[in-house]
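Please keep the structure open as you read the numbered points.

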Amino acid sequence: MSETGGGGESRPGGTDEQRVPDGRNSQSDLNLIGSRLRKVDGFAKASGKARYADDIALPGMLHARIVRSPHPHARIVSIDSSRAEALDGVRGVVTGRDMPHTYGVIPWTPDEHPLCVDRVRYIGDGVAAVAAVDEDTAIEAAGLIEVEYEELPAYLDPRKALEATGGEDSPYIHEPRKAGWNGNITKKVHLDFGEVHALMEASDVVVEGAYFFEGTTHAPIEPHCAIGLWEPDGREAGGLSSGGGLTFPLEPGMGGQPGKHEGGVPSSHGRLTVWSSTQVPHYLHRELARVLELDPARVRVIQPPVGGAFGGKSEPFDLEFCVAALAMKTGRPVKILYTREEVFYAHRGRHPFHMRYRTGATKDGKLQSVDAQVLLDGGAYASFGLVTTYYSGQLLTAPYTMPAYRFDSVRAYTNKPACGPKRGHGSVQPRFAFEVQLDKLAEKLEMDPVGLRRSNAMGGNTRTVNELRVTSNGFVECLEAVERASGWKERWRRLPFGRGLGVAGSCYISGTNYPVYPNDMPQSAVQIQIDRSGRVAVFSGASEIGQGTDSMVAYVAAEELGVPLDYVRVFAGDTDFTPVDLGAYSSRVTFMLGNACIDAARTLKRKVQDAVAGEWGCKPREVLLAGGWALFAPDTARKLPIREAFQLAEAMFGTLGATGWYNTPKDIHGSYRGGTIGSSPAYSFTAHVAEVDVDVETGFVEVKRIWIAHDCGRALNPVLVEGQMEGSAYMGFAEALMEEQIFKSAEQGREGLHNAPSLLDYRIPTSLDTPELESLIVESLDPEGPYGAKEAGEGPLHPSIPAIANAIHDAVGIRMDALPFSPPRVWRRINEARAEGKLKKPTAPGRPIEEEVHESVS
Amino acid sequence: MGATNRIVDLNVNGDRRIAGVPTHYTLLETLRYVLGLTGSKQGCDKGDCGACTVLVDGVATLSCIMPVWEAEGAEVVTVEGLARESGPHPVQDEFDLNGAAQCGFCTPGILCSAVGLLERNPAPSREEIKEALSGNLCRCTGYTKIYNAVEAAAERIRTGSADGAGRR
């Protein structure tokens with residue numbers, strides 16, 4: 001790192017603004033931001049020093065195992081744990097009756113128990129947990145817990161689930177929330193914008209299609225892990241004998257009022273600490289306190305480094321409640337590490353979607369009307385499903401101008417592991433269908449699909465048909481970047497038969513304007529403390545899950561306070577030490593935490609500038625902080641080491657600390673019920689071109705390369721942005737060709753059993769499977785993002801799948817409307833097309849058909 | 001409980017380690033839960049994911065399916081043993097520089113596979129790198145930055161260029 005720091009001379013005085021969104025991206029002389037930097041935790045991770053949840057061992061720690069349902073749908077008749085408890089080395093057992101309150105990450109749909117109380121709803125649902133002196137004993141004891149079940153009819157197909165009546169032969173999976181409702185429906189959304197019917201009728205061309213998106217799961221390489229520690233603070237920790245409820249004392253009346261602590265605090269003086277591989281420590285903290293009836297001020301959640309999450313660790317799970325309850329019951333620390341099989345049961349992955357789309361356009365390719373019907377296969381619990389149901393429609397309305405749009409979405413419960421948010425929550429599936437629709441539309445109109453997309457691009461500073469406020473928008477630049485890089489104009493429709501190019505675009509949120517539980521408090525916050533050594537300590541509430549959050553705040557703090565990057569320490573992921581951030585989900589962190597960090601850092605920066613200005617007898621705004629120095633702007637030869645500048649400030653103001661926070665705009669959402677969902681402070685944009693090779697004899701599709709252009713606003717560190725783009729495109733590619741979270745049918749011998757709960761059989765791509773990935777960063781400088789930044793973690797997944805589908809069409813002329821594009825499925829489509837004489841290179845717009853003949857199969 | 005134990009005599013990262021372990025313990029369980037070397041990770045516990053990869057006599061080996069007694073008499077190197085006295089191994093440093101570790105959970109295993117590769121093939125092609133890493137699943141990166149890191153490290157080792165410490 002340069003000692004003197006580069007630039008700085010022309011820094012505008014406007015950097016003094018505080019909490020003025022427009023001021024945050026105005027700097028043109030950034031020192032660190034925008035550079036290719038190391039991550040603050042990079043070497044810890046490259047040396048084995050990073051300590052993940054399962055790397056933690058506490059003195060006297062017990063190991064626990066959860067007993068899981070072998071039935072997809074059944075009543076629990078009885079649970080007998082006496083044999084398990086009699087086993088040498090067993091220290092405690094908990095069942096659903098010990099934790100009677102329901103929970104759910106969405107406060108309107110709390111439909112889960114930490115352990116099932118009277119009903120199991122999928123194979124793998126937890127019913128009891130046992131803690132023992134070691135893992136082997138816990139496994140043996142779990143096998144001794146006898147659960148008697150009365151089996152119920154199960155629903156694996158959401159269409160069948162919707163037909164349930166609630167009668168004896170056709171029971172609902174959940175009790176209806178209101179009399180007369182179908183208990184197998186989590187949520188129904190119908191939203192209608194513009195003259196859908198009239199504009200469809202008036203369209204010159206209408207494309208109609210049915211699509212199926214198979215469910216997929218996150219498969220982080222780190223299995224979920226949690227450790228519970230109960231410190232009774234001089235009081236009894238709970239009996240070692242089990243059988244009854246938890247023994248911690250409660251205020252009268254607390255039991256019936258989950259979430260309401262206003263009426264007094266529970267009288268237990270114990271403190272609960274839970275370490276968890278979660279991506280939402282704050283929501284976990286809330287739900288632990290609520291379900292276990294603890295005072296939230298006596299609950300601490302610590303999030304160690306997380307070994308991958310992708311949305312799969314974004315709500316509480318049974319293991320976290322179980323380690324807490326077992327620690328309270330036994331008085332000893334308790335760890336649960338999921339087996340890989342359990343990770344597949346925990347799931348919360350991509351919902352299978354059954355979709356129908358009608359898309360109308362004018363003869364020159366202008367979109368007129370879009371009409372969608374979506375059935376979401378939700379699995380056994382709501383999870384984030386209420387939001388997913390909205391997202392399945394709400395997030396489709398950019399980047400193309402859509403004069404009229406309607407969607408009907410229904411989420412059904414089924415007897416399978418619950419679906420939830422996976423990277424690109426709820427919008428990856430409709431994006432696949434819609435971008436294939438656009439490709440069909442372009443073909444029908446004999447247009448270049450890049451040109452069709454360009455001509456419908458909505459641009460910036462506008463509103464979508466469903467009233468989402470779009471500010472910065474680099475979509476056209478993305479489209480043109482992949483068009484150029486892929487040689488689209490020369491190669492599309494001109495590659496030999498079997499080889500093809502496809503394009504797709506997309507848009508995604510940078511966080512949500514409304515948190516999952518209603519409140520007016522900040523969504524993200526940091527606290528910064530600096531001292532006379534020059535050291536900068538950042539206490540960040542956000543969750544580092546590999547995406548680089550801790551590094552991002554360090555870059556921001558170093559940029560603003562002018563210190564070398566290695567002067568910054570980041571302390572994160574501990575609810576006892578850090579202010580609240582809502583978690584690593586919905587691509588919110590860079591935008592919100594980055595702004596919060598700028599806010600705190602600029603408060604301190606002003607103090608340092610004031611102090612140095614006092615020393616130098618100049619204006620505070622003439623003091624620059626950069627590269628380890630305080631510099632006099634008019635003549636940068638005059639300078640002080642940053643440490644001495646901090647000492648002047650500490651002498652003038654006392655000990656130096658500041659908090660900073662960010663909250664989302666609450667006045668920009670749609671003026672209709674549901675209009676808050678999808679509302680984001682900024683939207684990212686992406687375009688991909690995929691190149692594929694299709695073997696018509698085997699149906700094997702090889703993706704050769706994906707060009708990924710993504711508008712991230714500003715790349716705070718391009719290395720990390722590229723990493724998110726490549727990882728996203730990889731994950732989309734994987735869903736397109738390989739992955740499926742599927743279950744056996746009754747005919748296959750075991751209804752509802754996961755087909756392949758292992759990393760060998762659930763096929764995720766190896767290095768040999770993964771295509772070449774080429775990242776093209778586009779920067780639109782968002783007016784409200786930190787230095788203009790927007791999200792990069794989820795948006796770049798979306799176009800992979802439709803770009804590959806469209807490339808397969810370009811290669812051999814077949815349409816793949818159902819995922820995954822696995823060899824058997826592609827081979828069947830090839831054979832159908834061959835029988836119909838349609839297995840050939842599609843015709844290029846404006847080119848005579850004869851030209852194509854030599855490229856088609858003989 | 002109930003399991004029979006045995007004494008194993010291991011050479012791990014150059015240290016002689018003698019430990020009493022349950023007979024059925026794998027090398028990974030011994031490293032993580034007995035010797036406190038938690039750098040090697042467990043992702044699947046059945047040889048599918050590669051997060052547990054260590055070097056056994058220089059060969060990348062899945063420690064989660066290797067009975068610990070099989071490692072007796074061999075030189076075991078884990079991620080904790082890759083660094084040299086002069087600093088990190090060039091592969092480690094290039095992983096850091098290239099953003100090749102995101103969540104970092106697969107990283108220890110991939111580093112061991114990559115070091116094993118470079119020791120037998122100092123100038124691997126990209127195809128050879130892909131082949132050598134095909135037993136290590138990474139869920140974050142899409143592998144691109146990992147290839148870049150391994151290529152850069154190979155170049156540094158070949159040319160003897162000291163390190164990337166001066167680089168950000």
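How many helices and strands does the secondary structure of chain A come to? This is a predicted model, in which local features need pLDDT of at least 70 and side-chain atom pairs count only at pLDDT 80 or more, while totals for chains, interfaces and linings use all residues. Residues are numbered from 1 along each chain as its sequence is written, with chains lettered from A and ligands numbered from 1 in the order in which they are written.

1. Chain A has 20 helices and 28 strands. Helices (H or I, at least four residues) and strands (E, at least two) are DSSP runs, numbered from the N terminus.

2. On overall form, the C-alpha atoms of chain A fill a box of roughly 85 × 80 × 50 Å along the principal axes.

3. Of the 858 residues in chain A, 61% count as buried. Here a residue is buried if 20 or more other C-beta atoms, placed from the backbone, lie within 10 Å of its own.

4. After α6(A) comes A:Glu293, with a positive phi near 55 degrees.

5. Now to the contact between the chains, which takes 53 residues from chain A and 44 residues from chain B. Two residues are in contact if their C-beta atoms, placed from the backbone, lie within 7 Å. On the side of chain B that touches chain A, the largest share, 4 residues, comes from α2(B). By class, that side of chain B has 20 nonpolar, 14 polar and 10 charged residues. Nonpolar means Ala, Val, Leu, Ile, Met, Phe, Trp, Tyr, Cys and Pro; charged means Asp, Glu, Lys and Arg; the others, Gly among them, are polar.

6. Chain B is assigned domain 1 (5-79) and domain 2 (90-159), with bounds from an automatic or database domain assignment. The C-alpha centres of these two domains of chain B lie 21 Å apart. Their contact takes 15 residues from domain 1 of chain B and 13 residues from domain 2 of chain B.

Methods. A residue is buried if 20 or more other C-beta atoms lie within 10 Å of its own, exposed if 12 or fewer, and partly exposed in between; C-beta atoms are placed from the backbone.
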